[in-house]
Amino acid sequence: MTAPRLRWSVAAAVALAGVFVLGVTSVHFALPGSTVALWWPAAGLAVSFLLATNPGPRRSAVFVLGVLVSSAAANLVGGRPAWVSILYGVANAAEVALVHGLLTARGRRPRLASMDDLWRLIAATVTGAAVIGVLAGLTAHYVLGGDFLDSASAAAFSHGAAVLVMAPLGIAAGIRRTRRPEVEDLVQWVVVVGVTAWVFHLDQSLPLAFLPIPGLVWGALRLGLRTVAAQLLVVGVVAVTMTSVGGGPFATAAQVGGIPPETVGALTQAFLATAAVTTLSLAVATTQRRAALAELRSEVELSGVVLDTAASAIIVVDASGTIARLNATAARLLGAPEDAPEDAPEDALVGRPAAEVFPVDDPQEVRTRMAEIADGTVPLRNEQDWRVEGLGVRHMVWTNAYLTDDDGRRTHLVKTGVDVTDERAARTFVEAVLEAATATAIIGTDLDGVITLFNRGAETVLGWRAAEVVGIRDWSLLHDPADVERRAAELGLDPGFGVLVHRLRGGAATETRDWTYVRKDGTRRTVSLTMSGIRDESGRLTGYLGVAEDVTRRRQAEVALQVALDRERQAVEELTALDRTKSDFVSSVSHELRTPLASVLGYAEMLEDGAAGDLTERQLELVGRVDRNGRRLLSLIEDLLLNSRIEAGRLRLEPRRCDLSDVVASAWTSVATVTSQRELARDIDVSPRPLWVEGDPAALERMVTNLLSNAVKFTPDGGRVSLAAHPDDRDPGTVRLVVSDSGMGIPPADHERVFARFFRSSAANERAIQGSGLGLSIVRAIAEGHGGSVAVESAPDAGSTFTVTLPVAPATAVPVSGSGGPAPERGVSDIS
Ligand code: ADP
C-alpha cells in the first residue's frame, strides 16, 4: 500500500471512529421521550470526510460500508435493539453515499464557489435527509412502534442540519487559505462563540436564537468560507449540546410550553439550517464578488495596457460628442493642451468635445457625425485628414464601433484610427512608377504564378488588359510554350511556371534572359526578362516580379549586324588571299626579271669598258642610256621585291654597327650614276666620321637612295639637293639624317599620304616624273624596322625636307664596316 493510501486509510479509520463516538453521544443526548437523536453529527462528519478527501468510487464504497458498521455499532451501544441498530446503520450509509454521490456526480470536484454550488449542496442535503427520514421513520414505526411522521421528520432534520452545517467544512478543507488570520478574526471568533454560548446557556430563557446570526454574517462578509464553515460547526455543536441539556431558548420553550421533544429538535435544526443557508450564501456571494472584482480590475488593467501600447489611435466618444477616453497614440496625434500633465497628456483631452479637439479642416462635419451616435448612423468606416502639429497632414482611416447600455441604447462610439499617410504615399509613388513605365512590362505574381500585377507597359507589350489577366492567368501561359519547353528540358523540369523562377527558388537574387512572349493577337515578341523575388519584412518570399523589355527590334538588328560582319569578314579574307596572290606574282616576276637585267647591265658595262673594242662617241652614249635605264629598271624591281616582303611582313634586317658616311657615299654614287645629266647643286655633310649607327647597311643604303633620288626627281635643274647626317643634340641615342631639296614641295594635305604605298602626287603624274609610288613607303618601313622614324616638312614650291632618325650603335660593339675597319661582311638581309 502506498503512503497516501495508507494515510487515507488511517484518516478514514479515525473518521469512522468519530462517527461511532458521535453516534453514541447523539443517542445518549437524545431528548427524553424521543425515538431519534436530536442531532446526528456523525452523518455530517462522514459526508465531510468524503468531500474533503474525495477518494475514488471503490474507497468511497468501503468508507460507506464503514459508516454502516460504525453507525449500527453506535446505536447498539446506545442501547437500541440489534435490528433497529442495523437498519439505522443501513439508513445512515445510504444517506452518506447519496449526498456524496450527488455532490461529486459526473466527476465534479465538490466546491462552493458559486450560488449554483450552494444550491447543489442544499439539494443533496435535503435529498439525503429525506432518505434517512423515510428509512428511520419506517424503522421507528414498524420495529419500535413509534410515530412514522415524528420519527421521520426528526431524523430528517437532525441529519439534514448536521450535513448542512458540517459538509461546508469538508468542502472548504480543499480550498487554499488565501489570507493570514488577523485581530479581526480573533474578535469575530470570540463574538460568535461567546454570543452562541450565552444564548444557549442554561439560565438563558429569552427567545434570542437569532443573536448568533449577525456574528456569522460578519464572518461571511469579511473572513471567508473556511471560517464560516468552521463557525457553523461550532455554533451547531454548542446549540445542540446546550439545548439537549436544557439550556437556551428552544429547551426553555419545551419546558414552559409543553412542546414535544421532536419539535424542539426540529426547531434547533431549523435554526442551524437557517444559520447555515444564510451565512453560506453570503460567504459564497462575497467570495464571488471578490473574485469578480479582481477579474474586473485585471481586465481594466489589461485593457489599459492594450490601449496605451496600441499603435492605432483609439478614442471613445460619448453620445454627446465628448471624448470619454483615449489612448496615448490618439493623444499624440491630437496634440495635448499646454496645461496637460506630462505623464498622462490624454487626461487633459478627456471631457472635451471631439469637434473642438479633432484637428480637421471642417469641425462642423465632426459635430454632425457625433450627433448621429445615438441614432447609430455614423458610418462604420471613414477617412479623414488630420493636421497634426509637427507631422503635417496625416491621412487617418477610422473604424467605428458602438458601445450600448443594458437597454440597448448606443452610449459611446469607439473610434480606432490608423495613420496610412506613409503607406498611401508609398503606394501612390509605386503606382506612378508602374504606370510611367509604358514601354517596360512589369508583371507581379504570387508564389504559384498567378498574376497579381500587370502594368501599362505589360498591356502594351502583351496586348492583354490588366483586368483580363490579373488573378486569372498563369504567367507561363503568356510565354511561347516551345520556348518554355526548351528551357524546361535544359533544366530537367516539367514545363510551367517553375521553369521561369527555378533560379530564384534556388536562392538567386535575380535572373535575366531572353524569352519569347505571345501577344494576345498571337504575334511573338522577344523580351529581355529580369525576374526577382518579392519578400516581406521578415524576408519570406511572397511572390515574384518580372520586368520585361521588348528587344525584338534590337535582337533583329543584332542578327542583321552579325550577318553583315560575317559577310565583310569573308570579303576581306577573299581580298587578302587575292592580294597575296598578286604580291606573290609580282615577287616572282621581279625575281625572274632581275637575273636577265643584271646580265644586260653587265654586258653594257663590258661594252663601255671596251671589251668589244673601242666604241664611238655615239655608241658610248647609247650604251650609257642602256645602262641608266637598266639601273632604273633594276631599282624599280628592287622596290617591288622589297614591297612584297614588307607587305607579307617578311622584311628581314640584319642590324649591326656600321658607318653611316659609307652608306651615304654609296647611295650618292648610285643616284649620281642615274642622274648624272642633271644640273643641281649638291652638298653632303656627314659628321663626325665615322658616324656609327646600329643598322643594316644594305637597307639603309636603299633608304638613302630612295630619299636622294626623290629629291633629285622633284627638283628642277638649277635647284639644290643636300644631305646632312649628325648625332641628335636633343637625343644622344639617335642620329638624324636629313635629305632636303629646293624642289616643287608637297602640299600639307599630302604629307601623311606620301608614305602610303603607290601614292603619287597629281603633280608628279602631271609632270610625268617617273616613279612607282613605293619609294617612301619603303623608306618608312626601313626606318621603323630600325626602331627609328621618318617625317616630312614641306610646302608647295618651297622644297621638301625628309628627316630620318636612327639609333646610335653601342660604343662597345666591334665595327664591321667603315673606313679603317674590317671589310664589310656579306649581309644576309633581304636588301643586298
Ligand atoms: P615615287 O617617287 O616613285 O612617285 P615615292 O613614294 O617615292 O614615289 O613618293 C611619293 C610621292 O611623294 C611622289 O610621287 C611625290 O609626289 C612626292 N614626293 C616624294 N619626294 C618628294 C620630294 N622630294 N619633293 C616633292 N615631292 C616628293
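**Reading a sheet and a helix in a predicted model**

Modeller: This is a predicted model. Start with its open sheet: five strands in the order E2-E1-E5-E4-E3, with antiparallel pairing.

Colleague: Which strands are the edge strands?

Modeller: An edge strand pairs on one side only; here these are E2 (323–326) and E3 (381–388). From one strand to the next, the twist averages 30 degrees.

Colleague: How many bridges join E1 to E5?

Modeller: Two bridges are enough for strands to count as paired. Strand E1 (residues 313–318) and strand E5 (residues 410–419) are joined by six, and they run antiparallel.

Colleague: Which helix lies across E3, E4 and E5?

Modeller: That is H15 (residues 421–436). For the crossing angle, directions are taken from N to C. H15 runs at about 125 degrees to E4 (392–404).

Colleague: Turning to H3, what span is expected, and what does the helix reach?

Modeller: The expectation is 1.5 Å a residue. H3 (residues 57–77) has 21 residues; the expected value is 30 Å, and the distance from its first C-alpha to its last is close to that, at 30 Å.

Colleague: Which residues of H3 are buried, and what covers them?

Modeller: Buried means under 20% relative accessible area. In H3 the buried residues include Phe-63, Val-64, Val-67 and Asn-75. The cover includes helices H1 (3–28), H2 (41–53) and H4 (82–103).

Colleague: What follows H3?

Modeller: Look at the backbone of Gly-79, which follows H3: its phi is positive, near 100 degrees.

Note on methods
Residues are numbered from 1 along each chain as its sequence is written. This is a predicted model: local features need pLDDT of at least 70, side-chain atom pairs count only at pLDDT 80 or more; totals for chains, interfaces and linings use all residues. Side-chain values use heavy atoms; hydrogens and water are left out. Helices (H or I, at least four residues) and strands (E, at least two) are DSSP runs, numbered from the N terminus. The expected span of a helix is 1.5 Å times one less than its number of residues. Buried means under 20% relative accessible area, exposed over 50%, partly exposed in between (1.4 Å probe, protein chains only). Contact means heavy atoms within 4.5 Å. Axes are lines fitted to C-alpha atoms, for helices over the stretch in contact, and angles run from 0 to 180 degrees between N-to-C directions.
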